[in-house]
Amino acid sequence: MTLAVIVLLALGGLVLALVAPNFDEAPGVLGTLAGTVFGATLLLGFFAAGESGVLYGAVTLGPLTGVAIVLLSLAGLLVAAGATIRDGGFALGTGEVHAMVMWGVLGGILLVASAHLLIFYLALELSAYSTYVLVGYDRERRFGTEAAAKYMMLGAVGSALLLFGMALVYAETTSLGYAAIAAGLAGGPSALALGGLALMLVGLGFKLAWVPFHAWAPDAYQGAFPLMAGFLSVAPKTALALALAVLLSRAFGGAGGVVAGWIGGLALVSVVLGSLWALLQTDLKRLLAYSTIVHMGFLGLGLATASLTGYVAVGYYLLAYIVTSLGLFFVLEALEARGLPSTLEAWRGLGRRNPLVGVLVAVFVLSLAGVPLLAGFLAKLYVFAALAQAQSWAALVVAVVMVVFGYYFYFRVLMAVFLEPAEDEAPLEFSPTAFSLVTLLALAVVVLGLWPQPALAWLQAALAGLL
Amino acid sequence: MTLILIFLPILAAALVGLLDDPRAEAAKRGALMIALVTLLASLGAYLAYPLASGGFVGEFKLEWLPLVGSSFHVGLDGLSLPFVTLTPLLTAVSVLASWRKTEKGFFALMLLLQGALVGVFAALDLIVFFLFFEAVLVPMYFKIALWGYEQRRYAAVKFLIYSLVGSVFMLAAMLATAYLAAPALGRVSFDYLDLVSVAGYLALLPAAGWLFWGFALAFLIKLPAVPLHTWLPHAHTQAPTAGSIFLAGLLLKMGGYGLIRFNLALFPGELERFANLLAVVALVSIVYGAYVTLAQRDLKRLIANSSVNHMGYVLLGIASMTAVGLHGAVYQMVAHGVITGLMFLMVGLLADRTHTREIAAMKGVYNAAPKLGAVLWLALLGGLGLPGLAGFLGEFQSLWGGFLAEVTRNYVWFAVFGIVILAGAMLWTIQRVLLGKAEAALDDLNAVELAAAAPLVFLAVLLGLVPAALTPWIDAGVQPLVTLLQEVLK
């Protein structure tokens, strides 16, 4: 099944990229094709969970790979659907967008499934290059080019550091396979290996936008189309978070505890500084970039506990974040397509110009803030529970205090939407496609918040293998 | 049963929000109907409660977050039933008080608030309690921020931030409590009954003091106790009438209820340890609250500040840790919900007519609008604790309970100052606002407004003259806690 998913996504992306120029007039055809592929891989992902073994010593089969396939295919499916929000598609071609998203998803799946550092690196680059292209897609505007340049530059630095770290780990363990590395590090890591692991973590920190390696994120989000920024905020993060969990449990062996400690430190710094910087933002995309940094911080706190509760927290967090974040970025996309810029100022009075959209925005924003009965609350609750279980009281207290700051900057968005007077009070129409898509996501946020058991049980069964 | 009381209003809120109803006629009628139906249902539950055997009725338990050890567990007992019944009643009153509003969102938020508040009082799982405790914030925030008076946004944000600061520490304390209690229970559980059963083990934890304050901070902010009360005058003054009724009548009660339900039941040893401090806080709230009330020029703010005084008695009763004191605390909370709800209702209606809340600008209201004046008169007298009205019994029992306990005895003497000062403030208000010759004509209460006031007037008198309508329920709720207290403290 996993093999089928890999082939489907690779070929699907290839076909889409090749035929894209012929379908400029009818982007819907390619969107349907992309959606079908993602739908198929999503279903296959559930079956892939039943497999076991390792393909060619490089790709692990099993429940965790299944989770990655499902989550990433879901993100891909939603983004493929989201591409329809902009009537007439993107000026540079919509088919290429689908192809890049597909390869990005493929890279993400391989990243999690990898059992070998080389595959890990290649998968990471595949996913990264796809997102470089997507971020730069708005090249007509100055910000678009700037965003892509910054993102790629810092992404390359991150890759280089990662590669160097891998080399050091190789020097110590003379292997790139996870199992052999774990065996090599079993007796406790040497200084050389620790240096290698630290560099690897820094490289991955760049990709996950943990503070202090986050500088590219606000610019990349601001310059990209909201749809692409949305994809950037969920797919690579999902892949990297799961991949880090895999590395911690399968590759780092005796050094896992040390690395988990570092992850916890980076995550806590991200939560604190990200929340503070978010208070200063006036551009919604930049605000969401800092919000992503904070969420990746919370997620990292769950990861750092290296416990079942922590891993389930990470899985559920990712699922909740995919639907919530994409929902909000879709609203941004729909409004940008209508010429409304993504600034807090432009969003003033949105709740009166279109009350239903106002309510949908409120659902997503409140979920990001972590208000109960919505998915975002349970995600944070699980992270906090994992911290309590690990008796990391200091981290728990700092994290809950930062939730208050989070409320403040998320409520600023709601204040603009509902309380502040609009310059232009004219009603704002939403296309039926965009509206139904966003409504669906808002419903998912509510349902996941009220009735999370199926998702939690599935994640718990799949992630138990990490322990 | 309990589920209906919680979720019927929440579902109805969603429906009301979706109605295509520009003038909100259907929305307000629907909201009133839901409030009345749930009121009847909760009244039924109240009357059918087995007073002799006590315990929880209408219990419902559903596995919810098994990995974390939290289940959706709700139930009602003598401690929660009075509040669960008061909630739909005040919703109905608020809907009637807002009969002129033309936004359906206002009524949807009201129903949302009703459901969440019942959830708070019915929750028997810490996480579920937190869930509803937080869920109350969002509709209240929007109610103040969208429909409040001139400084509404400042007041709304202040309310939100204060409440949140308390509740995040409470969440941390809840998680810590559950995980630290796990060795004694053999598993992680957020179930209230499970945790109460190991209160003796919790008392021995070195971190028990921290856990106690994690909970207490949230509840003292909500109550509110001086010096954590500064959000209250703004929120209560700036909120629309219906919002003030909810705030004073129910949101403050979440604080007192939480102190009894969690701080007292889970950490009786810590409560005893800090009883002296809490008694001082209570005393300061009583005296300072009354003193500040005296200085107000804004009629709504005056009533808001008197709540600080009234809630001080609640804290004093709890700090006494005696059966009488606890009983008085609960009685006082219910009485305050009724009387202060009535005060805010009348002042809101008065301010709608005079277009000002300045006391100096009002005169001879009784003369100009006898019905409105009479009800406001009654409410203000209830506020000063006149015997024969509900407030007296609550205050008296709290003070008596305080007198019975060693730790609070000396403070009760000083609390008497609070009574005198507040009585002065209320009487002076009556003199300034109600008496004298009217300068301008005022519309008197219409039928809808009278209907809104009638149940509260009835309850204020009933609970003042017939304590048996409430006392047995409180006994059933408080007595097991007192027994538990004695066991653990031994």
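Here is a walk through the two chains, from an annotated stretch to the place where they touch and on to some local details.

A word on ground rules: this is a predicted model, in which local features need pLDDT of at least 70 and side-chain atom pairs count only at pLDDT 80 or more, while totals for chains, interfaces and linings use all residues. Residues are numbered from 1 along each chain as its sequence is written, and chains are lettered from A and ligands numbered from 1 in the order in which they are written.

Let's start with chain A. An unreviewed UniProt entry places the annotation "domain: NADH:quinone oxidoreductase/Mrp antiporter transmembrane" on residues 114-405 of chain A. UniProt positions are given in the numbering used here, feature names are shortened, and annotations may be inferred rather than shown by experiment. Over residues 114-405, chain A is 79% helix and 0% strand, with the end C-alpha atoms 37 Å apart. Helices (H or I, at least four residues) and strands (E, at least two) are DSSP runs, numbered from the N terminus.

Now for the meeting of the chains. Here 27 residues of chain A are in contact with 22 residues of chain B; two residues are in contact if their C-beta atoms, placed from the backbone, lie within 7 Å. On the chain A side, the elements that give two or more residues are helix 13 (308-337), helix 16 (375-389), helix 17 (393-419) and helix 19 (453-463). Helix 17 of chain A gives the most, with 13 residues. By class, the chain A side has 24 nonpolar, three polar and no charged residues. In this scheme Ala, Val, Leu, Ile, Met, Phe, Trp, Tyr, Cys and Pro count as nonpolar, Asp, Glu, Lys and Arg as charged, and the others, Gly among them, as polar.

Over in chain B, have a look at how helices pack. Helix 1 (residues 2-18) and helix 4 (residues 104-122) of chain B pack at an angle of about 160 degrees, with their axes 8 Å apart. Axes are lines fitted to C-alpha atoms, for helices over the stretch in contact, and angles run from 0 to 180 degrees between N-to-C directions. Helix 1 and helix 4 of chain B are therefore roughly antiparallel to each other. For reference, angles under 35 degrees count as roughly parallel, over 145 as roughly antiparallel, 65 to 115 as roughly perpendicular and the rest as oblique. Residues making this contact include B:Leu5, B:Ile6 and B:Ala13 of helix 1 and B:Phe107, B:Leu111 and B:Val118 of helix 4. The contact between helix 1 and helix 4 of chain B has 14 nonpolar, six polar and one charged residues.

Another pair in chain B, helix 13 (residues 268-294) and helix 21 (residues 471-489), packs at an angle of about 85 degrees with axes 9 Å apart, which makes helix 13 roughly perpendicular to helix 21. Here B:Pro268, B:Gly269 and B:Glu272 of helix 13 meet B:Leu484, B:Leu485, B:Val488 and B:Leu489 of helix 21. The residues of this contact split into five nonpolar, one polar and one charged.

The loops are worth a visit too. B:Ser98 sits in the loop between helix 3 (81-97) and helix 4 of chain B. B:Ser98 is buried, because 24 other C-beta atoms lie within 10 Å. The cut-offs are these: a residue is buried if 20 or more other C-beta atoms lie within 10 Å of its own, exposed if 12 or fewer, and partly exposed in between, with C-beta atoms placed from the backbone. Not counting residues up to four places away in sequence, B:Ser98 touches B:Phe106, B:Thr241 and B:Ala242. By contrast, B:Glu150, in the loop between helix 6 (137-147) and helix 7 (152-185) of chain B, counts as exposed, with 9 C-beta neighbours inside 10 Å.

Finally, some backbone details. In chain A, a cis peptide bond with omega of about 5 degrees joins A:Val211 and A:Pro212, and A:Pro212 lies in the loop between helix 8 (191-208) and helix 9 (216-223). The loop between helix 8 and helix 9 of chain A also holds A:Ala209, which has a positive phi of about 60 degrees although it is not a glycine. A:Ala209 is buried, with 29 other C-beta atoms within 10 Å. In chain B, B:Leu223 and B:Pro224 are joined by a cis peptide bond with omega of about -10 degrees.
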